[in-house]
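Have the sequence and the 3D view side by side as you read.

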Amino acid sequence: MAFPENSHATKPLIPGFLYSSPSSFSAASSLISLDQSRTSVPPPAVERKGFVIPAPKEPSKKIEMFSPAFYAACTFGGTLCCGLTHTAVTPLDVVKCNMQIYPTKYKSVSSGFGTVLKEQGVKGLFKGWGPTLLGYSAQGACKYGFYEFFKKYYSDLAGAENAAKYKTLIYLAGSASAEVIADVALCPFEAVKVRVQTQPGFARGLSDGLPKFVRAEGVAGLYKGITPLWGRQIPYTMMKFASFENIVELLYKHVVPTPKEQCSSTMQLGVSFAGGYLAGILCAIVSHPADNLVSFLNNAKGASVGDAVQKMGVWGLCTRGLPLRILMIGTLTGAQWGIYDSFKVYVGLPTTGGAAPAPAAAAK
């Protein structure tokens with residue numbers, strides 16, 4: 001009576017074959033082959049390739065964590081989130097930079113927008129969008145891709161127990177290392193952007209602004225702002241990533257009523273946006289003095305840090321344009337984490353942050 005035995009073997013194929021892991025699928029296939037060798041019954045119809053359907057709400061392909069595909073996905077996600085968000089807030093950036101360079105003319109946010117619209121029209125609010133898009137896309141690719149790499153690298157160096165114990169130091173070291181590389185990619189575009197936005201008539205955008213800048217100051221001139229850029233971006237990014245990771249962990253621990261793994265994707269992305277916005281406020285405050293320096297040095301040929309301090313004063317460096325930058329950076333950072341984690345979810349990766357793994361579990 002071979003037929004009943006074969007029926008018994010195929011009974012669990014619906015749940016196991018369609019929704020199980022590859023290893024369990026392989027085991028199921030082996031059992032089927034064994035039964036078939038004992039009988040002359042033809043292979044069941046479900047054995048045909050291409051019949052498998054993915055589980056509901058699960059991606060058809062999973063990306064293995066810390067594989068080359070994982071880092072490539074994080075790099076592309078960083079390109080999207082930084083390039084798109086910085087370009088979207090170009091009008092705020094135009095007003096902010098002009099408030100930093102010409103405080104007597106651009107006295108407030110509202111008057112700043114009015115002055116730009118009156119003198120340059122609506123197009124004036126979007127000056128420099130080209131170098132902004134390309135520059136911050138390159139920066140985002142390096143920032144997020146290398147952050148994920150260095151976070152894993154430093155965690156492995158520290159060991160599972162120390163990585164869990166000193167996780168904030170891992171976040172700080174990983175983000176700082178990534179930003180050093182990211183700013184090298186950003187610096188030339190940032191130099192052209194500031195000149196286009198703050199000097200009317202200098203250039204329309206990147207295509208004519210970059211050659212004009214190089215003719216005037218040479219290729220080395222594109223990197224004269226690298227030191228203050230590092231001074232602005234490295235503390236900013238360290239605060240951005242470390243505070244985000246810790247804020248998200250606290251939100252899941254004290255605010256969200258259910259553990260992260262039980263939350264829907266929508267809930268997790270909402271936590272990512274909220275954590276990013278709060279982290280962005282801290283980022284703006286920490287990095288603002290250096291942001292004023294970058295604008296000052298890229299606008300004035302031959303200017304030094306001492307000149308900026310003498311002209312603006314320490315208080316001016318810390319506060320000039322700060323409210324607008326808090327609004328801009330808070331919104332921008334929240335949107336960045338929302339876009340970045342949305343892309344990760346789309347390709348089958350978990351969102352960033354959450355409860356830190358216990359040392360015992362990490363050591364397994």
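Lysine 143 is buried, at a relative accessible area of 2% (buried means under 20%, exposed over 50% and partly exposed in between, with a 1.4 Å probe and protein chains only). You will find lysine 143 in helix α7. Neighbours within four places in sequence aside, the contacts of lysine 143 are Ala178, Glu179, Ala182, Gln233, Tyr236, Thr237, Lys240 and Phe241, where contact means heavy atoms within 4.5 Å.

A word on the ground rules: this is a predicted model, in which local features need pLDDT of at least 70 and side-chain atom pairs count only at pLDDT 80 or more, while totals for chains, interfaces and linings use all residues. Residues are numbered from 1 along each chain as its sequence is written, and side-chain values use heavy atoms, with hydrogens and water left out.

Now step back to the whole fold. The protein has 15 helices and 0 strands (DSSP runs numbered from the N terminus: H or I of at least four residues for helices, E of at least two for strands). Buried residues account for 45% of its 364 residues. Of the contacts between residues at least 6 apart in sequence, 77% join residues at least 24 apart.

Aromatic rings come next. The protein has 18 aromatic pairs, counting Phe, Tyr and Trp (its six-membered ring) when centres lie within 6.5 Å, with planes under 30 degrees apart called stacked, over 60 edge-to-face and the rest tilted. Tyrosine 144 and tryptophan 337 make an edge-to-face pair, because their ring centres are 5.4 Å apart and their planes stand at 70 degrees. Tyrosine 144 belongs to helix α7 (residues 129-158) and tryptophan 337 to helix α14 (residues 322-346), so this pair ties together parts 193 residues apart in sequence. Tyrosine 144 is buried at 0% relative accessibility, and tryptophan 337 is buried with a relative accessible area of 0%.

Both residues return in the largest nonpolar core, which has 27 residues; Tyr144, Tyr252, Val271, Trp337 and Tyr340 touch the most other members. Such a core is a set of buried Ala, Val, Leu, Ile, Met, Phe, Trp, Tyr and Cys residues joined through side-chain atoms within 4.5 Å. Helices α4 (68-88), α7, α9 (167-198), α11 (226-255), α12 (265-299) and α14 each give two or more residues to this core, and α11 supplies the largest share, 7 residues.
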